[in-house]
Amino acid sequence: MEDREISPSEEEAARSPKPRLDRRSFLKLSSISGAAAVLAACAAQPPAPTAVPPTAAPQAPAPTAAPAPSPVVVTETVEVPLISEVLPYPRIKVATLNDLQSGAFGASYPDQFSPIQILKIGKKVPGGVGPDGDIVAYSGLCTHMGCPMTYDPATKIFVCPCHYSHFDAAADAMLISGPATQHLPRIVLEVEGQDIYAVGAQGLIYGRPHNLSLTEL
Ligand code: FES
């Protein structure tokens, strides 16, 4: 390599000491560079998310009108008899006057499924027939749940063995006590000579669906 001659200006520059930073300049430069770093970092941050405009709340569907109930078409009417109404069952001979010597006689009316008690009370009573107006008859089925009852001629009381309802035969078989809510149906009687006929029932005989029909048994 060929040696080159050094110029006086280069020699001067080489001899002069390198510039040094005093403390104030160093701090100034440091703060400037720190701020620049912060700015650079901020510039590197991802953009803040933009606010999403609120969307309208979903609307509930408007209530639909309930379908109008279909009209009830009545095709048949059932006539419900009053409790005091006499149901015109067939006229049937049920006893004779001689059958009542003991004060009570058991029979059935209007068919074999409906036991009745024909009674001679010994004094005139409401609905009583016969020479003394003291002969009556009542259904032998309890109006509570249909149990067959016993009758005591001495007390003239019907007693139900199932739940102990008591009925007073001398007072139109009115309920005396027990869970039943109705008196006993009275069997309408007619006396013709020595014969006693049943011609109807006043009140609903327990367990007979045809109580609601005046034309069938
Ligand atoms: S069935 Fe007669 S009291 Fe219940």
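This section describes the side-chain contacts of the structure, from the disulfide to the salt bridges and the aromatic rings. The model is a predicted one.

A search of the whole structure returned one disulfide. The bond joins Cys 147 to Cys 162, with a sulfur-to-sulfur distance of 1.8 Å. Distant parts of the chain are linked by this pair, since Cys 147 belongs to the loop between β5 (135-139) and β6 (150-152) and Cys 162 to the loop between β7 (157-159) and β8 (166-168), 15 residues apart. The torsion about the S-S bond of Cys 147 and Cys 162 is about -90 degrees, and the disulfide is therefore left-handed. The two partners were assigned to separate accessibility classes: Cys 147 is buried, at a relative accessible area of 15%, whereas Cys 162 is partly exposed, at 34%. Two further cysteines were examined for accessibility. Cys 142 is buried, with a relative accessible area of 1%, and Cys 160 is buried as well, with a value of 2%.

Seven salt bridges were found when the whole structure was searched. In one of them, Glu 190 pairs with Arg 91, and the closest N and O atoms are 3.1 Å apart. Glu 190 is located in strand β10 (residues 186-192) and Arg 91 in the loop between β1 (86-87) and β2 (92-96), so this contact ties together parts that are 99 residues apart in sequence. Glu 190 is partly exposed, with a relative accessibility of 34%; Arg 91 is also partly exposed, with a relative accessibility of 43%.

A salt bridge was likewise identified between the side chains of Asp 195 and Lys 93, with an N to O distance of 3.0 Å. Because Asp 195 lies in strand β11 (residues 195-202) and Lys 93 in strand β2, parts that are 102 residues apart in sequence are tied together by the pair. Lys 93 is partly exposed, its relative accessible area being 46%.

The side chains of Arg 208 and Asp 111 also meet in a salt bridge, at 2.8 Å from N to O. Arg 208 falls in the segment after β11 and Asp 111 in the loop between β3 (104-108) and β4 (115-120), so the contact ties together parts that are 97 residues apart in sequence. Both Arg 208 and Asp 111 are buried. Elsewhere, salt bridges with shared partners join Arg 91, Glu 190 and Glu 192 into one network. Arg 91 has a further contact with an aromatic residue: its charged end sits over the ring of Tyr 197, 4.0 Å from the ring centre.

For the aromatic side chains, the search of the whole structure gave three pairs. Among them, Tyr 138 and Phe 158 adopt an edge-to-face arrangement, with 6.2 Å from centre to centre and 85 degrees between the planes. Tyr 138 is in strand β5 and Phe 158 in strand β7, so the pair ties together parts that are 20 residues apart in sequence. Tyr 138 is buried, with a relative accessible area of 0%, and Phe 158 is buried, with a relative accessible area of 1%. Phe 158 also pairs with Tyr 151 in a tilted arrangement, with 4.9 Å between the centres and 45 degrees between the planes. Tyr 151 and Phe 158 are both buried. Through these ring pairs, Tyr 138, Tyr 151 and Phe 158 are linked into a cluster.

Key: Residues are numbered from 1 along each chain as its sequence is written. This is a predicted model: local features need pLDDT of at least 70, side-chain atom pairs count only at pLDDT 80 or more; totals for chains, interfaces and linings use all residues. Side-chain values use heavy atoms; hydrogens and water are left out. A disulfide is a pair of cysteine sulfur atoms within 2.5 Å. Helices (H or I, at least four residues) and strands (E, at least two) are DSSP runs, numbered from the N terminus. Buried means under 20% relative accessible area, exposed over 50%, partly exposed in between (1.4 Å probe, protein chains only). A salt bridge is a side-chain nitrogen of Lys or Arg within 4 Å of a carboxyl oxygen of Asp or Glu. Rings of Phe, Tyr and Trp (its six-membered ring) pair if their centres lie within 6.5 Å; planes under 30 degrees apart count as stacked, over 60 as edge-to-face and the rest as tilted. A charge sits over a ring if NZ of Lys or CZ of Arg is within 6 Å of the ring centre and within 35 degrees of the ring normal.
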